[in-house]
Amino acid sequence: MRLRRPALTLTGLTVLSIACQADDSPADQAAAFVVEDSAGVEIVESSAPAWDGDGWTVATGPSVSIGRTSGDEQYLFGSVRGAIVLPDGRIAVLDQQAALVRVYSPEGVHLEDWGGRGEGPGEFNFPVSLFPYRSDSILVRDLISMGLSVFDDRGRFGRRTIPPMRAEFVSGLRELLAEGSAIPAESCCHLWGPLSTGAFLVAHPEMIPTTGSGMQRGSVSVAIIPDSGGAADGVGEFRGGRYLPGPTRASVPTTFQFPLRFNMAAGSEGYFATEGDAYSIDEYDANGRLRRIIRLAREPRPVTEEVKAAHEAWLRERLLAPGAPIEGDSPEQVLQRRLDEPYPATLPSFFQLHADPDGNLWAVQRRYGAGDDGRASGMLDYFIFGPDGRHLGVIALPDDLQVYQIGTDYILGVVRDELEVQFVHLYGIDKGGRS
């Protein structure tokens, strides 16, 4: 049950609403209607934003900025892999290079560091993600050990658990590898975050098809692992990227331009998932039961000749630029291989999801087209859906802002300057009296 729908192009750090036709009734302008199908799953489809005028806006500049180009090492980030606001307003930043969670005051002043590199309790080898956990704790995932470390809000180490993600993935992989029908895109698994129950939402790597003709979709298996360390409960299989199976130079199926990406987000009552090819998002409860399908009544955006030309110009500029990070073959050979990748008929829809504590869902779409740099216009459109699944409106944010957390009245993320120095920024959200 997936409808196909068109796109919006918006400008500025503000919410823009799409006007209804003049003969639309007030009921139509509510922007959503609800249908219950035979399986008891609620379907909410919006044809226009519920906001009938100005909606939420995001500040054009950060209210808090953490980071420096030189000086005190406590403000020099090597590789930020996560950032969250703690319940009392302090800001925790995971620096992978330092193997530390650095903690700052609400104003951005360094307070203390948690963790450190090592094998002992509360230490990390290669930390890759940071999440709020339960009421006031944090959760850090280590890639090498596959361990999940829990700290309380004062930085005191609580426990480490190693979910059986790798073992279960390897076990299920043997049959596919024996058949030769698919290969994994990564060596192991992805933690999408903790659920409200304390369980962990995980996905095994995308399986890339190696057989078949024409465009084939990869597959991603999703599971919920109890925080007690029990066996994973498989809760679904989703479609991943687009591929052309068959022999290639690297013995890997050919990928398409504008790749699709399966994406998830843990919410306050469950989780969300989208396959990126249509304006449709599935909402599940914390036990993996599908409870709602959220849709926009619009078609996917077509890949036009204008979009192709802009994209190819961007590829040339990026891959042939002095100092471009090219390994192995010459930049010209790498560029030609990228140009040889086939184009799909349509552009991706949502490629990223964020859930805020008020039950709103933020679904991110990248812009393409005239005036763009070939990949994007420099802006991302955040489609906002309310707790009831209605489409509320759209906020445009710069695509150089990597968002890690969206709160009730803030967005926390990371930006880079022209020297690739990282800064953690917090931007206020003005909801103008709207909840």
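This is a predicted model: local features need pLDDT of at least 70, side-chain atom pairs count only at pLDDT 80 or more; totals for chains, interfaces and linings use all residues.
How are helix 2 and helix 3 oriented to each other? They are roughly antiparallel (an angle over 145 degrees; under 35 counts as roughly parallel, 65 to 115 as roughly perpendicular and the rest as oblique).

Residues are numbered from 1 along each chain as its sequence is written, and side-chain values use heavy atoms, with hydrogens and water left out.

Start with the whole chain. It has three helices and 31 strands. Both are DSSP runs numbered from the N terminus: helices are H or I with at least four residues, strands are E with at least two. The chain has 435 residues, and 51% of them count as buried. Buried means under 20% relative accessible area, exposed over 50%, and partly exposed in between, with a 1.4 Å probe and protein chains only. Now take the contacts (heavy atoms within 4.5 Å). Among those with a separation of 6 or more, 52% join residues 24 or more positions apart.

Next, look at helix 2. It runs over residues 305-319, 15 residues in total. From first C-alpha to last it reaches 21 Å, close to the 21 Å expected at 1.5 Å a residue. That expected span is 1.5 Å times one less than the number of residues. Its buried residues are Val 307, Ala 310, His 311, Trp 314, Leu 315 and Leu 319. They cover an arc of only 150° around the axis, so they sit on the same side of helix 2. The arc is that of the directions from the helix axis to the C-beta atoms. An α-helix has 3.6 residues a turn, so residues three or four places apart point the same way. The face turned away from the buried side carries the exposed residues Glu 305 and Glu 317.

What covers the buried side? The cover of the buried residues of helix 2 includes helix 3 (331-340). Helix 3 has its own buried residues, Val 334, Leu 335 and Leu 339. These fall within an arc of 135° seen down the axis, so they line one face of helix 3. They pack against helix 2.

Two packed helices are described by the angle between their axes and the distance between the axes. Here the axes come within 10 Å and cross at roughly 160°. Axes are lines fitted to C-alpha atoms, for helices over the stretch in contact, and angles run from 0 to 180 degrees between N-to-C directions. Helix 2 supplies His 311, Glu 312, Leu 315, Arg 316, Arg 318 and Leu 319 to the contact. Helix 3 supplies Pro 331, Val 334, Leu 335, Arg 338 and Leu 339.

Finally, the loops. Arg 134 lies between strand 10 (127-133) and strand 11 (137-142). Its phi is positive, about 50°, although it is not a glycine. Arg 134 is exposed, with a relative accessible area of 51%. Glu 420 sits in the loop between strand 30 (410-416) and strand 31 (422-430). Glu 420 also has a positive phi, near 70°, and is a residue other than glycine.

Ala 231 is in the loop between strand 18 (216-225) and strand 19 (233-244). It is exposed, at 59% relative accessible area. Leaving out residues up to four places away in sequence, Ala 231 touches Glu 168, Ile 224 and Pro 226. Its C-alpha is 8.3 Å from that of Pro 163, 68 residues apart along the chain.
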